[in-house]
Amino acid sequence: MMTAKTVLAGMAGLLAGVLAAWPGQAVAQGSGSATLDAVRARGALLCGVSGEIAGFSLADSRGVVQGMDADYCRAIAAATLGDANKVRFIHLSAQTRFTALQSGEIDVLIRNTGWSLTRESALGLLFGATNFWDGTGFIVRASAGVGKPAELGGAAICIRPGTSTELEVADFFRSRQIAFTPVMIAGVNEIQDAFLAGRCDAFATDASQLAGFRQNLGARAAEFTILPEAISSAPSGSMVRKGDDKWYDIVRWTHYALLTAEQFDVTSKNLDEAAKRDSPDIRRLLGVEGNIGQTMGLDNAWARNAVAQVGNYAELWARHMTPIGLERGINRLWTQGGLQFSPPVR
């Protein structure tokens with residue numbers, strides 16, 4: 001005689017069989033992040049970058065994209081796929097970058113993009129982490145004798161439309177009742193060429209980009225001066241779509257892992273030695289103990305892979321920022337008086 005308990009057990013078994021055969025079960029058994037699952041299925045991270053900015057993302061003589069932003073893409077690939085080379089760089093303009101992320105053309109945007117309220121509230125996007133603290137600056141011809149932005153009254157200023165620079169320059173001059181003429185040119189190379197050709201008296205953009213631009217001028221660099229006063233403070237870094245919290249965690253904490261590695265003097269060169277130290281913080285960071293990686297749907301060696309294959313934050317800076325003449329400044333660790341800070345990796 002079949003009891004109620006037997007019937008319930010049979011129904012439970014039938015339900016389990018149906019769920020096992022259901023096509024959507026593959027999603028339920030995934031990482032918990034639709035973006036991470038897509039990256040793994042594709043076998044590559046789609047990372048949106050500029051591709052035209054020295055120090056951040058620019059192809060070298062071999063055609064390899066180099067720079068701070070490019071290496072952040074590689075660090076995320078190392079954390080998620082175990083291989084920093086599994087990245088496809090998607091070159092985007094200031095006008096197309098947000099649409100590309102919204103539409104799913106890219107998995108993450110790391111393109112000198114400034115953090116602001118409206119970019120989060122109106123675009124359906126989230127800023128993951130600040131990999132660079134910057135500010136809007138100006139470059140002028142040394143022969144012009146200009147010493148600060150307030151002396152640019154009546155000047156024609158080259159600006160890329162659709163950027164935070166456009167608003168910051170307009171606000172700066174309007175608040176001081178200083179007249180100027182904006183010269184709007186979208187492409188990075190095009191606006192640089194226009195400035196060099198004399199179409200404008202000054203070129204405004206992130207101070208870091210101006211340093212890279214001036215450095216690439218070689219012998220002509222001495223003809224131009226970057227004004228020492230920045231007119232804004234702009235945190236820039238990674239951006240993801242809203243609604244995939246686990247992917248947001250991965251992107252954000254990959255940045256924090258590179259900072260934490262620097263804080264504890266863990267580099268791409270001393271990983272094996274560092275893993276033997278007694279420090280619980282280092283052992284958790286490198287996956288020697290604990291299951292931090294698994295909480296994000298990753299291997300516990302996620303941070304170790306990122307540091308081993310890309311380096312800690314200081315290594316990235318030495319590789320890409322030092323050659324174009326940028327000092328760490330406010331991008332130093334908070335323990336050294338800067339703004340770069342990581343919550344505990346625990």
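This is a tour of one predicted model, stop by stop, with something to select at each.

**The whole chain**

Start with everything shown. The C-alpha trace spans about 100 × 45 × 40 Å along its principal axes. Colour by secondary structure: the chain comes to 15 helices and 13 strands. Of its 346 residues, 47% count as buried. Now consider the contacts between residues at least 6 apart in sequence: 71% of these join residues at least 24 apart.

**The five-stranded sheet**

Select β8 to β12. Together these strands make an open sheet with the order β10-β9-β11-β8-β12 and mixed pairing. Look at the edges next. β10 (181-184) stands at one of them and β12 (224-226) at the other. Each has a single partner strand, so one side of each is left without a neighbour in the sheet. From one strand to the next, the twist averages 30°.

Now go through the pairings.

- Select β8 (residues 136-141) with β12. They run antiparallel and are joined by three bridges. Zoom in on arginine 141: phenylalanine 224 in β12 stands opposite.
- β9 and β11 run parallel, joined by two bridges. Isoleucine 157 has alanine 202 in β11 as its bridge partner.

How many of the five residues of β11 are buried? Five of the five are, so β11 is largely enclosed by the rest of the structure.

**The helix on the sheet**

**α10 and its two partners**

Select α10 (residues 245-263). Two helix contacts are worth a stop here.

α10 and α15 pack at an angle of about 95°, and their axes are 7 Å apart. The two helices are therefore roughly perpendicular to each other. Show side chains at the contact. From α10 come His255, Leu258, Leu259 and Glu262. From α15 come Tyr313, Ala314 and Leu316. By class, that contact has five nonpolar residues, one polar and one charged.

The axes of α4 and α10 come within 10 Å and cross at roughly 110°. That makes α4 roughly perpendicular to α10. The crossing of α4 and α10 is right-handed.

Show the side chains again. α4 brings Tyr72, Ala75, Ile76, Ala79 and Thr80. α10 meets them with Trp247, Ile250, Val251, Thr254, His255 and Leu258. Eight residues of the α4 and α10 contact are nonpolar, three are polar and none is charged.

Now show both partners together. Which residues of α10 take part in both contacts? His255 and Leu258 meet α15, and His255 and Leu258 also meet α4.

**The three-stranded sheet**

Select β2 to β4. This is an open sheet with the order β2-β3-β4 and antiparallel pairing. β2 (52-53) and β4 (65-66) stand at its edges. Each has a single partner strand, so one side of each is left without a neighbour in the sheet. Zoom in on β2 and β3 (residues 57-59). They pair in the antiparallel sense over two bridges. Isoleucine 53 stands opposite serine 57 in β3.

**Two residues with positive phi**

Select asparagine 112, in strand β6 (residues 108-114). Its phi is positive, about 45°, although asparagine 112 is not a glycine. Is asparagine 112 buried or exposed? Asparagine 112 is buried, with a relative accessible area of 9%.

Finish at aspartate 265, in the loop between α10 and α11 (271-274). Phi of aspartate 265 is near 55°, again a positive value in a residue other than glycine. Aspartate 265 has a relative accessible area of 48%, which makes it partly exposed.

Notes. Residues numbered from 1 in each chain as written. Predicted model: local features only at pLDDT ≥ 70, side-chain atom pairs only at ≥ 80, totals over all residues. Heavy atoms only, no water. Pairing = 2+ DSSP bridges. Helix = DSSP H or I, 4+ residues; strand = E, 2+ residues; numbered from the N terminus. Axes fitted to C-alpha atoms, helices over the stretch in contact; angles between N-to-C directions. Parallel < 35°, antiparallel > 145°, perpendicular 65-115°, else oblique. Contact = heavy atoms within 4.5 Å. Nonpolar A, V, L, I, M, F, W, Y, C, P; charged D, E, K, R; others polar. Left-handed = near helix turned anticlockwise from the far one by under 90°. Buried < 20%, exposed > 50% of the residue type's maximum accessible area, 1.4 Å probe, protein only.
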